[in-house]
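Hello,

Here is the structure for you to look over. My notes follow below.

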Amino acid sequence: MSSADAFGGPASGGSGGVPPTRVGAAEAAVGFGAVAPGRSGPDGGRLGEAEPEAWTPLTPPAAFAMPTQPAPTGPAGIPPQPAAPAPVTPDPALSWTAMTPPADRPVVTFGEPEGYDEQARPVPLAARLRSRTTVAAVCVVLGFGLIGGAATGSWLTGGSGDDGAPDTFAAAAELWHSIPVDQLFPPTVQGTGAGPGGADRTWTRIAVAPDSGCQNAFDPLLHKVLAPAGCRRLLRATYTDATRSYVTTVGLLFTKADAAAMSALDARFRKEGLDRRADLMPRPYAAKETLAAAFGDKQRASWTVSVLTDTPVVVFAVSGWADGRTVDTPQPAADATQSGATTDPAQAGLGNEAQGLSDRIERAFRKTADAATEEPS
């Protein structure tokens, strides 16, 4: 079969005929103006089957074509190689060791803090601090000048420069004959919180002993311990509680000792625990025809002894039952007032009676002594 017969047209050699046309795959595709196989061609004839050709990609219309740029070429048509990245180095301005900023960077400074003066005008804070420091320094200099002047004046006038404590100590030794008995031993003494468990107490004075010396006023051992301080005068009074169940004798021993001797005596009592020894108990004052008439040595249940160091005075107290019962084992008030104490004096509150009344008589005496020894203004 000839090639004309193969495409359904006249032979190539005929005159006036249409040369045979070869249909490619691109023209056979529908939608781009190609004629489908088996339809009439331009001359009314039938087109035959086209020979298969190699597949080629479709070329999009010009309207959909993406603009392209010519690839750059180097010398002799060789494409240029990409440039190597520049090495990364830290900015010196961002380094911890950078001392000065680069010239092309702005220099940032912080302004000096400001305050305000009395008229609400801004004033640099540093200036205010300098001013206050100067004022403080001037005050310190003036203060030292005043102190030095006072010391110099005291030295020139022969003064001691102290607060007159030795004079007060010596004056307190003479108060036993110048202060009314009702100031030393008030008729009624209030003991707020002085009882067991913080209960209140009220003591009423039932007898006052005449002022006397210390003969037979203390047990022999206590008398021996107090002897170095001397005995100027002994004042005593006996009280009872609101229920009239207990009796307590409280006393003020005015000694002949100076401040150093009183301090030594106090140190000995504390170091050797002399205020807790039953053989160093004070003796009671058993006034006749009173509730304390039967209050003797065997009725002593609890006691306390306090050596003062700012005045030449020893304060003591001793308590017992008002009904005259004897006590086999007396207990010092410091132990009888402890929580959990189970002895008879502790359970009855006799330690609180002795300690509470002694404390309040001591406070009253100190207050009276301070007022009596104050220099008139």
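Buried means under 20% relative accessible area, exposed means over 50%, and partly exposed lies in between (1.4 Å probe, protein chains only). This is a predicted model, where local features need pLDDT of at least 70, side-chain atom pairs count only at pLDDT 80 or more, and totals for chains, interfaces and linings use all residues. Residues are numbered from 1 along each chain as its sequence is written, and side-chain values use heavy atoms, leaving out hydrogens and water.

Start with the disulfide, meaning a pair of cysteine sulfur atoms within 2.5 Å. The count comes to 1. Cys 214 is joined to Cys 231, with S to S at 1.9 Å. The torsion about their S-S bond is about 80°, so the disulfide is right-handed. Cys 214 is buried, at 8% relative accessible area. Cys 231 is partly exposed, at 26%.

Next, the cores. A nonpolar core is a set of buried Ala, Val, Leu, Ile, Met, Phe, Trp, Tyr and Cys residues joined through side-chain atoms within 4.5 Å. The largest has 27 residues. Among those touching the most other members are Phe 218, Leu 253 and Val 314. A second, separate core has 23 residues, including Leu 184 and Tyr 239.

Contact means heavy atoms within 4.5 Å. Leaving aside residues up to four places away in sequence, Val 314 touches Met 262, Leu 265 and Val 305, among others.

Last, Ala 341. Ala 341 is buried, at 18% relative accessibility.

Best wishes
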